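Please keep the sequence and the model in view while reading.

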Amino acid sequence: MNTGEQAARGLADIEAYLFREARLSAARRRVAAFIASTEGLTYEQRRDIEEWYLEEQIYVARMVTEHIAETVNAAEAAHHARFTRWLRGTLFAMAVTVALTFACTAVVVGSLT
């Protein structure tokens, strides 16, 4: 991997980290607002709710990411299959064209002699 590729990969990793931290920060704010509006919770209950909610948000984010990756992979596979069919058809058409060209050339050369 050259330096440019390493830099691009590093930037993508940093971007992913910052996005993930921004999502967790927003989740922390939402759960803190919920906990603040709920009276009668003990410290342990508040902590349990916060931990559960953050773990749930991480799980949901992972599931969404996996779904997007599966969708992209399926689209790439379908594109590859279409391209393969197109290429096969194009190669067949080229082979037929070349064969017909040789046949016509043979007929023309044969008729000249």
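## A residue of helix H2

Does Gln 57 count as buried or exposed? The model is a predicted one, and in it Gln 57 has a relative accessibility of 18%. Because the limit for a buried residue is under 20%, Gln 57 counts as buried.

Gln 57 is placed in helix H2. When residues up to four places away in sequence are left out, Gln 57 touches Arg 23, Ala 27 and Arg 30.

Helix H2 covers residues 43-112. It has 70 residues, and the distance from its first C-alpha to its last is 102 Å. This span is close to the 104 Å expected at 1.5 Å a residue.

The buried residues of H2 are Tyr 53, Leu 54 and Gln 57, and they pack against helix H1, which comprises residues 3-37. Leu 54, also found in H2, counts as buried at 14% relative accessibility. Its contacts, not counting residues up to four places away in sequence, are Leu 24, Ala 27 and Arg 28. Along the chain, Leu 54 and Glu 44 are 10 residues apart, and 15 Å separates their C-alpha atoms.

## The salt bridge

Side chains of opposite charge can pair when their charged atoms come close. The structure holds one salt bridge. In this salt bridge the side chains of Glu 51 and Arg 47 meet, with a distance of 3.7 Å from N to O.

Why are Glu 51 and Arg 47 separated by about one helical turn? The reason is that they are four residues apart in helix H2. In general, an α-helix has 3.6 residues a turn, so residues three or four places apart point the same way.

Both partners count as partly exposed: Glu 51 has a relative accessibility of 40%, and Arg 47 has one of 35%.

## The largest pocket

How much space lies in the largest pocket? The volume is about 420 Å³. The pocket is lined by 16 residues, of which Arg 20, Arg 23, Ala 61, Arg 62 and Thr 65 are the closest to its centre. H1 and H2 are the elements that give two or more residues to this lining.

Sorted by class, the lining of the largest pocket has 10 nonpolar residues, two polar residues and four charged residues.

Technical notes:
Residues are numbered from 1 along each chain as its sequence is written. This is a predicted model: local features need pLDDT of at least 70, side-chain atom pairs count only at pLDDT 80 or more; totals for chains, interfaces and linings use all residues. Side-chain values use heavy atoms; hydrogens and water are left out. A salt bridge is a side-chain nitrogen of Lys or Arg within 4 Å of a carboxyl oxygen of Asp or Glu. Buried means under 20% relative accessible area, exposed over 50%, partly exposed in between (1.4 Å probe, protein chains only). The expected span of a helix is 1.5 Å times one less than its number of residues. Contact means heavy atoms within 4.5 Å. On a 1 Å grid over the protein atoms alone, a cavity is a set of points where a 1.4 Å probe fits but cannot get out, and a pocket is an open set with protein on both sides within 12 Å along at least five of seven lines; lining residues have an atom within 4 Å of a point. Grid points are joined across faces, edges and corners, and a volume is the space filled by probe spheres set on the points. Ala, Val, Leu, Ile, Met, Phe, Trp, Tyr, Cys and Pro count as nonpolar, Asp, Glu, Lys and Arg as charged, and the others, Gly among them, as polar.
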